[in-house]
Amino acid sequence: MATTLMRLCAAAIMAVASGFSPAKEWPLTIDTHVDIPQAYMQKARFDAGADSVLKVDLAKMERGGLDAAFFVVYVEQGPLTAEGYGRAMRLADEKYDAIEALVQQNPGRIRLATGPQQVRQNHQDGVLSAMIGIENGYSLGRRLDRLDAAHARGARYLGLTHTGHNAICTSSGERPEFGDVPAGGKGLSGFGRSVVLRANRLGMMIDVSHASDACVREVLQASAAPVIASHSAAHALVPHPRNINDGLLRGIADSGGVVQVVAYTYFLKPDPAREAAEQALQGEVAKLAGAGEFDSDLHDGHPAYVVGMARIDAEFPIATLDDYMDHVDHVVSVAGIDHVGLASDFDGGGGITGWMDASETANVTRALRERGYGDEEIEKLWGGNLLRVWAEVERIAAGAGA
Ligand SMILES: [Zn+2]
């Protein structure tokens, strides 16, 4: 405790001298999965440069000491048709535009980082880093050139799937309305294999969160570069299909990759009663709002939703930092300290008691310390490992010649 206090005091003195806030001094913190609403940077309440309702905005990052985040170009699964792909591409393009707007409108506070060295440089300069990840390769359609275009816009990881199988690979969850059946032994498609190889050549990390076990196994065989899971937890503790079993945790570690443990309540602490209550409430609120289905971007602020969620939170408490640390400890014990990182899934359903938004990021560091992790280990977990993997993915791409 005394050393922590001394460090804080030293940081405060340096902060006064340098003009930086103490939160920026140590460690370099990276959250690998932050969602953005479709109307990000368009509606005032989703303006991350101002006071916003978002769990991650610049002020909350600065206050909580979150230095860098992968903002995610997520597109919901739709039908595997030309029309579906066209729509997905348009929606994805809007999100790239929004992230571009974020950095352009806040030049002194955040910069786009397209390589690990830039993240470190931004941190040294006292500026936040925005990185871009793709969630759901559905937005590529069946076109490899879309991956090149995404890379050109700054995307540096590709989450192959979301819920529902796509043209690349099978998912850990099916969408029966689009004709999905359980993945079974089916993993990557032929197109999926070419996507993995193209990502390797571009220096883009492959993200297997949401993918089926068969897909993860086949990606680990096909990829020339280390593989990441940008937001997943431990299947051995909570057997949710989105979580990763010990064998695959080891496989990702053996690839040289990293598993970013996610602070998403249902993956950390199963609670079917809460899940059912939440779904019922969403149905009610959608009806009250006169909408076909619940849309969190539109209905999160609806009074009936706010009151209903307060009731649900009181009755079925969400996971805590302690639950989260159990998963971190487990993944560290199976994959090794060099192959684990941290992710929130904020603004995409993530958030636990103690880490409800980016302003509470320092609580995670504190919880790691309470679990006995030392400075060097905490630096690895908070971003050192991810930056190492990213640099290795770039090195392999440079060797292959893009
Ligand atoms: Zn996700």
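**View 1. H165 is buried, with a relative accessible area of 12%.** Buried here means under 20% relative accessible area, computed with a 1.4 Å probe on protein chains only. This is a predicted model, in which local features need pLDDT of at least 70, side-chain atom pairs count only at pLDDT 80 or more, and totals for chains, interfaces and linings use all residues. Residues are numbered from 1 along each chain as its sequence is written, and side-chain values use heavy atoms, with hydrogens and water left out. You will find H165 in the loop between β5 (155-159) and α6 (190-202); helices (H or I, at least four residues) and strands (E, at least two) are DSSP runs numbered from the N terminus. Beyond its neighbours within four places in sequence, H165 has contacts (heavy atoms within 4.5 Å) that include Q77, L80, E174 and D180.

**View 2. A zinc ion has E135 (OE), H210 (NE2) and H231 (NE2) as its protein donors.** These lie 2.1 to 2.2 Å from the zinc ion; donors are N, O and S atoms within 2.8 Å of the metal (3.2 Å for Na, K and Ca), and sites may look incomplete because water is not among the atoms. Along the chain, the donors follow the spacing E-x74-H-x20-H. H210 sits in the loop between β6 (205-207) and α7 (213-222), and H231 in strand β7 (residues 227-232), 21 residues apart. Both H210 and H231 are buried.

Conventions:
Buried means under 20% relative accessible area, exposed over 50%, partly exposed in between (1.4 Å probe, protein chains only).
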